[in-house]
Each structure stands twice: as C-alpha cells, then as structure tokens.
Amino acid sequence: MEEFHKVRRLPPYVFEQVNRLKASARAGGADIIDLGMGNPDLPTPPAIVDKLCEAVRDPRTHRYSTSRGIPGLRRAQASYYQRRFGVKLDPETQVVATLGSKEGFANMAQAITAPGDVILCPNPTYPIHAFGFIMSGGVIRSLDVAPDASFFHALERSVRHSIPKPLALILNYPSNPTSFVATLDFYKDVVAFAKKHDILILSDLAYAEIYFDDTPPPSVLEVPGAIDICVEFTSMSKTFSMPGWRMGFAVGNERLISALTRVKSYLDYGAFTPIQVAATAALNGDGSDIAEVRSIYKRRRDVLVDSFAKAGWDVPPPPATMFAWAPIPEPFKQLGSLEFSKLLVEKADVAVAPGIGFGEHGDEHVRIALVENEHRIRQAARNIKRFFSSVQENGGGDNVVSLSARR
C-alpha cells in the first residue's frame with residue numbers, strides 16, 4: 001500500500017539498519033559494545049530519585065498535570081538561567097516545560113510552520129532539527145555547521161537565494177554530532193544578522209553543561225535583544241542523567257513560547273507530576289551532580305581518544321558533549337559511514353552511529369557516544385585494533401565489504 005504523505009517525506013531511518021545488525025549479533029551471542037545511541041548509562045543521582053519517590057506517594061500527584069509545567073518547575077528553570085547565563089526570564093510567559101528537547105522542537109515546528117516555509121538548518125545536525133519542520137510542511141536549506149566564517153557565507157547565500165524568505169534559523173552548540181562550541185561573539189553576529197533579515201532563531205542547548213575546558217558554553221539569550229526573536233531548548237537528559245524521564249524546556253520570546261504552549265495544550269497533559277517535582281529539586285541543587293557527570297564524560301573522552309589512537313584511529317578530542325565526531329579511517333572512507341558502521345558491528349563487535357544519519361554532509365564521519373565505562377571503551381579499542389590489523393593483512397580496506405552489503 002502507498003505510504004502516507006508525511007511518512008513519504010521522511011528518508012529511511014539509517015540508524016535502524018545498524019540497530020538490526022546489533023540485535024542480530026547479540027542474538028547470536030556476540031558481546032556488542034554499544035557506542036551508537038546517545039543513551040546515558042549513568043544512574044540518575046540518588047537525591048533526585050528520592051524526591052521522585054517522595055512525591056509519587058502523594059496521591060494528589062497522580063492526576064493530570066499541566067502541559068506547560070508546574071509553577072515551581074518553571075521558576076526553577078528561570079533561576080537556573082539567571083545563575084548560569086545571567087539571563088532573566090519570566091517563568092509565567094517565557095518558560096514552558098517539554099517532554100525532552102526533541103518534543104519541544106517538534107511541537108515548535110508544528111506551531112510556527114506554514115507549508116513551504118524555509119528553515120535554515122546546520123548539516124550535519126541532530127535529525128529532529130530538520131525533520132520536525134519537514135513533517136510540518138517546511139523546506140530545509142542546509143548550512144555549514146562550524147561556527148566560523150563558513151557559517152556566515154552559507155547563511156548569506158541561503159537568505160539571498162531563498163523564496164520565500166527564511167522563517168527560522170536552527171542553532172545547536174555545543175553541536176550534536178560534531179561537538180563544535182560557539183562563542184558569545186558568534187551569537188552576537190548571528191542575532192544581528194537574524195534581526196536584520198527578520199528571521200527567528202531556535203537554539204538547541206541540550207549540552208550546555210557537558211564541556212571539558214574552563215569556559216562554559218554560552219546561551220544565545222545572553223546577547224542583548226536576542227529574546228526578541230529567539231527561543232532556546234534545553235534538556236535534563238544528559239545534564240542530570242535523566243534520559244528516560246523526558247524532561248526539557250523551551251525558554252525565550254513570549255510570542256513563540258505562547259504558540260508552543262498552545263499547541264502542547266492540545267496534544268499532551270505534561271510530564272507526570274512527581275517527575276516535575278524531582279526535576280525542580282535537581283535544578284535547585286548545588287550543582288555537584290552536574291560536575292560529577294562532566295568529570296566522568298571527560299575521563300571517558302580522554303580514554304577513548306588515547307586508546308583509539310593506539311588502535312590506529314585518530315579521533316579528535318571533542319571539547320564538549322558526550323560524543324566524539326570521528327573521521328572514517330582512510331582505508332574505509334570509500335565505504336561511507338553506514339557500511340563502515342555495519343562493518344564495525346560485524347567485525348569488531350562495536351556499534352557507532354553512521355554520520356549520514358545526521359545529514360549528507362556527515363557521511364565521512366561516525367559519531368561515537370561516551371556511554372560505556374572506561375574498561376569497555378578500552379575493550380572497543382582492542383577489538384577495532386584487531387579488525388584493522390586483519391584488514392591490513394588481507395590487502396587493505398578496498399577488499400572489505402560488509403556482510404549486509406553482500407546479501
């Protein structure tokens with residue numbers, strides 16, 4: 001039967017091909033080291049779990065919640081922005097709770113997009129940044145993702161050649177998957193450009209707290225006047241190791257927040273109230289939980305870069321996020337990221353995310369998630385080293401074809 005209209009607009013989900021191989025290998029007894037999905041393995045801090053248990057025992061919390069978030073949670077998010085970025089927000093009109101940043105992006109797209117609207121989006125990027133708007137009838141124009149002169153050249157070219165004029169610009173720094181970090185000066189130039197051309201800014205700041213040097217990533221809302229045109233999305237998934245709790249936020253421009261809130265009010269009743277209570281406690285904490293998570297990811301990053309280099313794979317150390325954006329080693333580059341990712345599952349018992357899943361400009365890379373402990377990361381490096389050595393003994397990467405490609 002013919003696929004439905006919106007489903008037809010979506011490309012094949014390339015990650016599923018790697019997932020099927022991974023599941024098949026595990027069913028056959030293989031010990032797959034999964035560095036593919038960005039699914040944090042760290043447990044949620046005990047104090048947050050305890051607060052959830054305390055709240056869930058109160059039967060009043062078992063009823064429907066409110067889709068925009070309980071007042072205490074919105075106040076806690078506003079306080080976090082004041083402490084962390086020096087940005088003052090009105091929790092009544094400039095903050096809305098979301099079911100993770102992914103849901104927030106998707107519903108913002110539903111709220112603001114008319115058929116044919118042009119959206120400027122980095123490539124490669126997290127898939128919802130593009131496909132939330134594609135499913136809403138929008139058209140994507142790709143931009144270079146590096147926050148440098150190439151970004152502005154692409155931005156100027158896109159605005160000059162877009163009909164109709166672009167509606168919105170997507171930002172994502174620290175970037176998933178590339179781990180690029182933007183400076184406040186970069187944001188100032190972007191805001192000035194967007195205001196000049198009457199373009200909205202939607203910023204994904206999910207990895208604001210996962211950074212590895214002494215300079216915390218800024219928020220675009222720190223730029224004076226940015227709130228006139230901007231909404232920013234954050235998530236508690238990585239910061240507090242709460243991925244399954246599905247708690248995030250959108251903050252910023254009142255008109256955009258109002259539009260998102262109205263759409264959400266038709267679609268959901270918000271997160272379970274005890275989750276919101278526990279999230280409030282997390283945001284109002286002393287920050288020690290965040291610092292511990294950051295230090296764990298930094299140690300894993302250092303182990304990955306060192307052990308993979310010894311295995312023959314030079315991986316640039318990411319300055320932020322829980323991901324490394326790794327160039328495909330030269331002997332395998334001609335395979336592309338999907339076939340190379342399949343080979344790693346089949347030949348090395350290691351799963352990574354193919355770069356093509358984040359956009360066509362990502363096909364020379366794979367994304368490696370820091371979601372296994374240091375011992376498992378070293379084991380992955382040993383497995384990869386054995387695979388690389390066997391390929392060299394058999395005449396190089398030109399002679400390697402994945403099992404799935406041969407079928």
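In this predicted model, helix H5 (residues 100-112) packs against helix H9 (residues 254-267) at an angle of about 100°, and their axes lie 9 Å apart. An angle from 65 to 115 degrees counts as roughly perpendicular, so H5 is roughly perpendicular to H9. The chain that holds this pair has 14 helices and 12 strands.

**Contact of H5 with H9**
- On the H5 side, the residues that meet H9 are Glu 103, Gly 104, Asn 107, Met 108, Gln 110, Ala 111 and Ile 112.
- On the H9 side, the partners are Leu 256, Ala 259, Leu 260, Val 263, Lys 264 and Leu 267.
- By residue class, the contact of H5 with H9 divides into eight nonpolar, three polar and two charged residues.

**Contact of H12 with H13**
- Helix H12 (residues 336-348) and helix H13 (residues 374-393) also pack at an angle of about 100°, with a distance of 10 Å between their axes.
- H12 and H13 are therefore roughly perpendicular to each other.
- H12 contributes Leu 343, Leu 344, Lys 347 and Ala 348 to the contact, while H13 contributes Asn 383, Ile 384 and Phe 387.
- The residues of this contact of H12 with H13 comprise five nonpolar, one polar and one charged.

**The chain as a whole**
- For 407 residues, a compact globule would have a radius of gyration near 22 Å, and the chain agrees with this because its own value is 22 Å.
- Along the principal axes, the C-alpha atoms fill a box of roughly 65 × 55 × 50 Å.
- Buried residues make up 56% of the 407 in the chain.
- The accessible surface amounts to about 17,900 Å², and carbon and sulfur atoms account for 53% of that area.
- Among contacts with a separation of 6 or more, 76% join residues 24 or more positions apart.

**Cis peptide bonds**
- Most residues other than glycine have a negative phi, and most peptide bonds are trans.
- The peptide bond from Asn 123 to Pro 124 is cis, with omega near 5°.
- Pro 124 belongs to the loop between strand S3 (118-122) and helix H6 (127-135).
- A cis peptide bond also runs from Tyr 173 to Pro 174, where omega is near -5°.
- Pro 174 sits in the loop between strand S5 (168-172) and helix H8 (184-196).

**Positive phi outside glycine**
- Asp 198, although not a glycine, has a positive phi of about 55°.
- The loop that contains Asp 198 lies between H8 and strand S6 (200-204).
- Asp 198 counts as exposed because its relative accessibility is 59%, and the cut-off for exposed is over 50%.
- Asp 349 is a residue other than glycine with a positive phi, near 55°.
- Asp 349 is located in the loop between H12 and strand S10 (350-351).
- With a relative accessible area of 25%, Asp 349 is partly exposed, a class that falls between the cut-offs of under 20% for buried and over 50% for exposed.

Definitions and conventions:
Residues numbered from 1 in each chain as written. Predicted model: local features only at pLDDT ≥ 70, side-chain atom pairs only at ≥ 80, totals over all residues. Heavy atoms only, no water. Axes fitted to C-alpha atoms, helices over the stretch in contact; angles between N-to-C directions. Helix = DSSP H or I, 4+ residues; strand = E, 2+ residues; numbered from the N terminus. Parallel < 35°, antiparallel > 145°, perpendicular 65-115°, else oblique. Contact = heavy atoms within 4.5 Å. Nonpolar A, V, L, I, M, F, W, Y, C, P; charged D, E, K, R; others polar. Rg over C-alpha atoms; globule rule 2.2 N^0.38 Å. Buried < 20%, exposed > 50% of the residue type's maximum accessible area, 1.4 Å probe, protein only. Areas by Shrake-Rupley, 256 points an atom, 1.4 Å probe, with all protein chains shown as cover.
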